[in-house]
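Morning, everyone. I have one structure to walk through.

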Amino acid sequence: MSQPISPMTSRQRVLAALRREPVDRTPVCNPTSVATVELMDLADAFFPEANRIPEKMANLAETSYTELGFDTIMPVFSIIQESSALGCKIQWEQKDNWPTVKMREPIWRDVEDIRIPPDLLTHPDTACVTEAIRILRRRHGDEVAIIGKTMGPWSLAYHGFGVEPFLLMALDDPGKTMQVLERLKEVTIAYGLAQIEAGADALTLPDHATGDLVSADYYRRFLKELHAEFAARLPVPIILHICGRTVDRMPYIAETGMAAFHFDSKNRPDESMAAVCGHCALVGNINNPETLFARDPEQVEAEVLANLEAGIHLVGPECAIPLQTSIENLRAIPRAVRAWHSAGGGARCHHHDHSHNNG
Amino acid sequence: MGHVLELGRRVALQPMDAHCHDITVALYRDLAPGGTPFYAFHSYSCHPDAGLRLDFLAAAACHLGGMVASGARAHAVAWPCGAAHLSATRRLFVEVCKLAGPALPALRPPEADEARSGARYHVEGLGAGRYRLSADAPGDMSVRLRTIAGGFGKLAEMAVDEAAGPAVAFPCGHDHDRLVALLLPRALNARAAMREEESVAGRGVLVAPSAQNQPN
Ligand SMILES: [Zn+2]
Ligand SMILES: [Zn+2]
């Protein structure tokens with residue numbers, strides 16, 4: 001039988017769920033961006049400035065907590081901050097679009113080309129994030145979980161080499177690929193540590209070893225150990241993020257020591273819970289393109305329920321939401337979580353969780 | 001900084017209004033106390049010009065589409081028949097957002113020319129929300145007219161009566177002359193009009209680096 005849990009702050013709730021400990025209710029978590037164009041207007045903080053000016057970044061990021069009712073604030077909207085510091089060419093875009101790395105202009109051809117610049121952590125585009133985390137920590141104290149984000153070496157290699165050249169290398173020359181990942185992992189670690197020092201409670205670690213391109217066996221041989229090293233060297237809960245169909249490698253991910261895996265709606269909640277077998281928490285997996293972006297709150301609520309019924313530890317969108325997503329669809333997520341728990345769903349949730357921990 | 005409001009269901013969005021400092025303008029659908037649907041133009045922008053822009057967009061929806069101001073909320077408009085006409089309203093939103101303002105444009109005549117065929121098309125009101133389509137052009141235009149009628153069906157959820165000319169009809173049974181005149185040039189190429197709406201909506205969807213194949 002589960003004890004009634006006394007009310008928690010958002011931060012306590014998120015950190016407990018990441019440790020797979022009992023919670024007063026399932027936390028609503030965004031390991032990736034929930035910025036929208038309407039929230040940009042509301043916060044008077046717009047892309048691209050909100051990716052480059054700490055105050056703007058903090059103002060836009062905190063709307064997840066103050067306006068949407070999520071339990072987390074995640075200020076690293078883009079996936080290109082450290083790639084900019086590494087020297088990649090960035091297309092910064094405008095209010096209604098994401099900044100991207102110009103991957104058709106790769107900066108590396110070989111392992112030796114990879115140099116970690118001395119200003120990696122003081123470059124304006126990386127320092128923006130650490131400064132925004134400091135601002136948010138000052139503003140919100142211990143009330144809300146602040147999540148940082150540091151990109152994994154596989155994603156960084158895409159940015160530096162270009163997707164096709166790096167994938168060809170990965171197929172042709174696994175030895176060289178490992179050398180690349182070994183070099184780049186120090187970027188992941190250094191940037192992660194800087195955000196922890198600035199006050200991040202947890203870190204999202206996207207590493208786009210996506211289902212269609214990288215097999216489960218490839219993950220086990222080339223990435224699993226590396227990911228275990230991140231979990232060991234970064235002293236906060238790490239939320240690994242990989243898009244796409246990943247259920248085949250979830251058992252390996254669960255063995256890395258990562259606190260949580262942020263999973264895509266291409267994987268069903270119940271099969272994903274079975275795949276990680278109680279060895280890591282799951283965060284997800286409300287569908288972005290079809291549900292959050294294109295449908296109504298009722299469909300969002302239905303997906304939230306599927307996650308809660310499966311015992312998913314933290315509920316939220318599957319990936320960075322489209323910038324045109326409606327506010328009412330996002331607010332439907334915490335509303336559905338609260339409604340489920342007040343209808344008695346929480347007791348079932350704890351029971352489910354324990355059976356997994358013990359089983 | 002403002003706060004999120006309960007505005008009903010968002011049904012259309014202009015993420016960057018080129019005619020007003022790139023503010024985001026949304027159209028929300030809600031119900032008035034009597035249960036009648038209304039639509040409200042809304043922006044969370046605190047730009048000092050935002051209010052005037054919303055005034056203009058609501059006025060343009062009335063002028064060009066034949067909607068009427070609704071007292072339910074600021075910048076709210078409704079159809080005089082009391083129906084929702086959701087697709088038509090979304091289309092009207094796209095059209096008014098294209099206008100620079102502040103002057104309202106001239107009303108569209110109930111006819112449109114097609115450069116490609118040299119044809120001129122007409123819509124003629126038959127009363128009770130029905131409109132007959134016809135063409136000034138040599139040769140048999142019946143297939144083309146049926147396609148255009150289908151375009152009205154897609155853009156404004158109108159029923160198509162192929163036998164009658166063809167004719168198209170609003171399910172509410174009320175006339176919407178200004179709306180029909182506004183839609184006619186779009187109905188000539190409904191697919192392009194709908195693609196236009198989709199391409200605006202498709203911006204800002206993050207693509208994983210491994211899935212980016214367009215040059216950038
Ligand atoms: Zn993703
Ligand atoms: Zn009507």
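Predicted model: local features only at pLDDT ≥ 70, side-chain atom pairs only at ≥ 80, totals over all residues.

I'll take the interface, then a serine, then the metal site.

Start with the two chains. How many residues of chain A are in contact with chain B? The count is 44, and they meet 35 residues of chain B. Between them, the chains bury about 3400 Å². Carbon and sulfur atoms carry 55% of that area. On the chain A side, three residues lose the most area to chain B: Glu38(A), Leu42(A) and Gln324(A). Together they account for 19% of what that side buries.

Now the polar part. We get 14 residue pairs in polar contact between chain A and chain B, with both residues at pLDDT 80 or more. Which elements of chain A supply at least two residues each to the side that touches chain B? The helices are α2 (37–43), α4 (63–66), α7 (153–161), α14 (297–310) and α15 (327–358). Strand β3 (100–101) is on that list too. The largest share comes from α2(A), with six residues. By type, the chain A side divides into 19 nonpolar, 12 polar and 13 charged residues.

Salt bridges next. The rule finds four across the interface of chain A and chain B. Here is one to click on: Glu6(B) with Arg331(A). Their side chains meet at 3.0 Å, N to O.

Leave the interface topic there. Go to Ser84(A), in helix α5 of chain A, residues 81–86. Is Ser84(A) buried or exposed? Its relative accessibility is 11%. The cut-off for buried is under 20%, so Ser84(A) counts as buried. What does Ser84(A) touch, leaving out residues up to four places away in sequence? Ile90(A), Trp92(A), His123(A) and Asp125(A). With Asp125(A) there is also a side-chain polar contact, at 2.6 Å.

Last stop, the zinc ion, ligand 1. Which protein donors does it have? His241(A) gives NE2, while Cys243(A) and Cys319(A) each give SG. These donors lie 2.0 to 2.2 Å from the zinc ion. Along the sequence, the donor residues are spaced H-x1-C-x75-C. Now check burial with that under 20% cut-off again. His241(A) has 2% relative accessibility, so it counts as buried. Cys243(A) has a relative accessible area of 12%, so it is buried as well.

If you go on to look at angles, here are the reference values. Four tetrahedral donors have ideal angles of 109.5 degrees at a metal. For six octahedral donors, the ideal angles are 90 or 180 degrees.

That's my tour. Over to you.

How values were computed:
Residues numbered from 1 in each chain as written. Chains lettered and ligands numbered in written order. Heavy atoms only, no water. Contact = heavy atoms within 4.5 Å. Buried area = accessible area lost by both parts, 1.4 Å probe. Polar contact = N/O pair within 3.5 Å; in protein donor to acceptor, adjacent residues only side chain to side chain. Helix = DSSP H or I, 4+ residues; strand = E, 2+ residues; numbered from the N terminus. Nonpolar A, V, L, I, M, F, W, Y, C, P; charged D, E, K, R; others polar. Buried < 20%, exposed > 50% of the residue type's maximum accessible area, 1.4 Å probe, protein only. Donors = N, O, S within 2.8 Å, 3.2 Å for Na, K, Ca; no water.
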